[in-house]
Structures are given as C-alpha cells and as structure tokens.
Amino acid sequence: MAVQNFVVDLMEQLLDDKELALTEQDIRFYDKGTTAETDESLDDHIRWSNARYFNEDSNVVRNSVLIVKLEFDNGTEYVNFHVGDLYRIYRKDGMKAILPTIKENIRTIRATAGKNLVLINQLQDYAAIRDQLIIRPLNYDDNSKVLAKGIYRRVGDIALVLYISMGNIDHGTHRNILSTMVLRELLEGWNVDENDTFEWALKNTMQLQPPVFYNIANEITGKQTPNYIRFMENENFSINFDTPLAPVLTTEQEINGAVAAFYPGVLERIYQMVGGDFYLVFSGIYDVHIHPVNGKLKVRAMRSTLADMNRNANRREEIVSRKLYRYYGETKKIEVYEGK
C-alpha cells in the first residue's frame, strides 16, 4: 500500500500546483500489467513506448507509470514518469526531491512541444523538410517492432534508419540530436522514390556531420595534436591503426558517429589508409574502432571488448551492434565476420 499512497499523494500535489494547472483528466496512473482501456490515444502512446523501449508489440504497461497529458492547440504530448524510480527517490529524500524535477520536465515539454508539433504538422510537405532528412544507426534486434513502421536499410544486425532532424540539445560536454522517425505512411504521402530519398538522406547526413577520426590518444597522453582529423579531403594523410590508441571513426560533434562507416566512399578511403581489409567494432552509437585484419589485435579480443562495452558501458539505446564486421576491399562490401 505504501506505493499506492505515494502515488495518490503525488497526484494530489500535482493537481494543487497552480503553475502546472493540471486537471484530473490530465494525469493517469497505470499499474504494471494494466492497459489504457478505452482511451485510444493513450493506448497508442503505450504501444509506441513498449515498441521503442522494450521492442514489444503490446499495449500492456511494463512498469508502473504516471502519464501526464499536455494539450496544445495543434496536438497532444504525453510525459511518462516511472513510479518505481520516483518512489526510490521519495523514500530517500522525500516529496521535495521529486516535485521540482517533474515540474521542470513539464515546463520543458510545454516550452518546446508547441514548436515541435508545428513541425510535425508540416511534415507532409516533403520539399520543406527534405534538407532535414538524416540517417541514424540503431540495433535491429533491439528495435525491430519500431522499425516495422519505419524506413531503414539493414546491414547485419545494424539498421540505418530514416529520420527527420529537429535540432540539437547542447549538454555542455556533448550534444543530443532531436529527431523523429519517418514512418512508412508519411513517406507514402510524399509520393517520392524510397531509395532516392534514403540515399539523399545519407548524403545530407554526411554533409551535416562529416566523418572524422577522433584522436583518443590526446585524452591519455595530453598531446596537442588535433582532436578531430578530417581524412576524406587529404589523400596523403595516414594513420597507424595497429595500436590500442588508434583514432576512432566518428562524426564531428560525435552525434550518431557510427553512421560514418556507411557514408559514401568512407570505407574505401579507410581501406587505402589501412592498406588492406579491416575489422570494424561498433562500440556504440558514437564511434567505430578500426583494426587491420593482419594487425596485432586478435578477433577473440575484439569480440570480448565489444561484449564488455555493450554489457557494462552502453545503455540499451546506445548499442548499435553485437557483431564483429569486416570490410572486404576487393568486393567493397562490409559484412558480419563469423570467423576466428
């Protein structure tokens, strides 16, 4: 009963807050295992959340959640607050540690959602949003339910997915990109060729976020060499990839850096720099490690490092691949490598 009493108290305090100006119809609590019943829009929201975060096609709530509905002139936004997380904070620091966070999240959504909903409502105009089309890398196995509604190209267990960029959020040490997946029904409404649109988006992503090698040695050795190395423009530039401190492939600002491996001409250029075939270790959405096939690092060690990264360092949404890849220069193809 303690959790239920906490939820009731929390909902009462949110309803009493004059700044939030919420009504009883705006706040819904769904316990684990329940559904939205007759509320079709909330049912759709729960289904999409399950597909996105749990890769399930289901309208059953996986974890107890408080959902706040925010109405705007041009649409509705839903904000999820996981009750288990809130209750743990409550037991440690009391209600005073929870309310400011919830209020700030709602204020942020209200400040940005109107603009985003306007953009979403303009998505039918292909010419208007064409230059905002980008490609993001996702792990296919973890996102197959969401991807069933989207536009993507699959390479092994990696999905290259068509998105619309809606700007960046600067967190000081890094930036996150705000984007929305292009659903198949939206693409069909554009009346454009799917392959042409995908190829345009890939080239557009390359222009917005050029491929670079990030010099990780600088962080360890304190050297003053450039952090980011633009290698596509300099054909005479070379890198020693057969070292633990070899630069990693990414994009400028390291936004969705793993996608750089699929830019036109990038792997061919790296093949020239390596001097032969090479392995690719997709350590997360941010970067890719390159290792010569005839280098010092063994395949077993690469797989072990990748497994450790995915298990201990990456959140679920940061995992791009659980496979080792190899680029074959003779055929100009990247494939999952199953050998030893």
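Student: Which ring does Arg136 lie over?
Tutor: In this predicted model, Arg136 sits over the face of Tyr163, at 4.7 Å from the ring centre.

Student: And what about Arg154, how far is Arg154 from the ring centre of Tyr140?
Tutor: That one is at 3.8 Å, with Arg154 over the face of Tyr140.

Student: Switching to ring pairs: how many aromatic pairs are there?
Tutor: The count comes to 13 aromatic pairs. Take Phe6 and Tyr87: their ring centres are 5.4 Å apart and the planes are at 55°, so this pair is tilted.

Student: Which helices do Phe6 and Tyr87 lie in?
Tutor: Phe6 is in helix H1 (residues 2-16) and Tyr87 is in helix H3 (residues 83-93), so the pair ties together parts that are 81 residues apart in sequence.

Student: Are those two, Phe6 and Tyr87, buried or exposed?
Tutor: Both Phe6 and Tyr87 are buried. Ring pairs also link Phe6 and Tyr87 with Tyr90 into a cluster.

Student: Nice. Now Tyr126 and Trp190, what angle do their planes make?
Tutor: The planes are at 50° and the centres 5.1 Å apart, so Tyr126 and Trp190 form a tilted pair. Tyr126 belongs to helix H5 (residues 126-129) and Trp190 to helix H7 (residues 184-190), so here the parts tied together are 64 residues apart in sequence.

Student: Where does that leave Tyr126 and Trp190, buried or exposed?
Tutor: Tyr126 is buried, and Trp190 is buried too.

Terms used: Residues numbered from 1 in each chain as written. Predicted model: local features only at pLDDT ≥ 70, side-chain atom pairs only at ≥ 80, totals over all residues. Heavy atoms only, no water. Phe/Tyr/Trp six-rings, centres within 6.5 Å; stacked < 30°, edge-to-face > 60°. Helix = DSSP H or I, 4+ residues; strand = E, 2+ residues; numbered from the N terminus. Buried < 20%, exposed > 50% of the residue type's maximum accessible area, 1.4 Å probe, protein only. Lys NZ or Arg CZ within 6 Å of the ring centre and 35° of its normal.
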